Amino acid sequence: MRSALTGIGTALAVAALLTGCSGGGESTKEPEGLTAAEACGGFAKDAPVSAALKAVLGGDRFEDDLSKPEKAVERVREDAAAPWADSYRPQPVTYCGLQSAEEASRNLRIEVNAAGKGPYGPGPKLAKEVTSYTSGLAAFTSSGLGYVYFSCRLKAPAHEIAVETTIWGPAGVPDTDQAQRTRLITLANAAARHVAAELGCTGTGLVTGLPAKTRP
């Protein structure tokens, strides 16, 4: 009888020790989803860009949604080397598609493609409805949709091209949300810089960090 009680006491002691070592039974499972530094080739790894991504999607973990960063860069590279006609319209590729790991309806998409001849600004009708920023050839956004255009010079036989970076943010954000506009342009600019670096572009005019407003 005593040996049986001793065995039970030993088992309870071991169980208590294991429970204590595991933090009182709390799960040590890692959070699911990608971090900002892991998403879409790492374009959002810098602190200001990471903060913008987390604020836009409302969390710090993300699910990939058909991102093709390598294909997007390669398509622009091919377009830079191909002969162009005025009627040619390169097809954009989804450079980055993400959604919140907690709320799938909160999502964003960034596309890149070679652009035709300018002008690349918002135009007089749209200028009053968007916020413009200093980066590249042109940068402007509403609270749901933004653009960054930059010039890219590559080695021969490629020719100088303009690259269009387009970002769509989550639906339902009030168009008066100026902070959201700045977040979107920060993400689009970071993606544009990442694409330019992968291509080896020179003379992009893209700024580092946060683009400054040129007009509200």
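Author: What follows is a walk through the nonpolar cores and then the aromatic side chains.

Please keep in mind that the model is predicted. In the largest nonpolar core, which has 45 residues, the members that touch the most other members are Phe-43, Leu-53, Tyr-95, Phe-150 and Leu-187. Several elements supply at least two residues each to this core, among them helix H2 (47-57), helix H3 (69-81), strand E2 (93-100) and strand E6 (145-152), while the largest share, 10 residues, comes from H5. To see one member in detail, take Phe-43: leaving out residues up to four places away in sequence, Phe-43 touches Val-49, Tyr-95, Cys-96, Ile-110, Leu-187, Ala-190, Ala-191 and His-194. There is also a second, separate core of seven residues, and this core includes Tyr-120, Val-130, Phe-140 and Ala-162. As a general background, nonpolar side chains in soluble globular proteins tend to be buried together.

Turning to the aromatic rings, the structure holds four aromatic pairs. One of them joins Tyr-147 and Tyr-149, whose rings are stacked, with 6.2 Å from centre to centre and 10 degrees between the planes. Tyr-149 has a relative accessible area of 9% and therefore counts as buried. Both tyrosines belong to one aromatic cluster together with Tyr-120 and Phe-140, and Tyr-120 and Phe-140 are also among the residues of the second core. Another aromatic residue, Trp-168, has Arg-109 lying over the face of its ring, at 4.2 Å from the ring centre.

Technical notes:
Residues are numbered from 1 along each chain as its sequence is written. This is a predicted model: local features need pLDDT of at least 70, side-chain atom pairs count only at pLDDT 80 or more; totals for chains, interfaces and linings use all residues. Side-chain values use heavy atoms; hydrogens and water are left out. A nonpolar core is a set of buried Ala, Val, Leu, Ile, Met, Phe, Trp, Tyr and Cys residues joined through side-chain atoms within 4.5 Å. Buried means under 20% relative accessible area, exposed over 50%, partly exposed in between (1.4 Å probe, protein chains only). Helices (H or I, at least four residues) and strands (E, at least two) are DSSP runs, numbered from the N terminus. Contact means heavy atoms within 4.5 Å. Rings of Phe, Tyr and Trp (its six-membered ring) pair if their centres lie within 6.5 Å; planes under 30 degrees apart count as stacked, over 60 as edge-to-face and the rest as tilted. A charge sits over a ring if NZ of Lys or CZ of Arg is within 6 Å of the ring centre and within 35 degrees of the ring normal.
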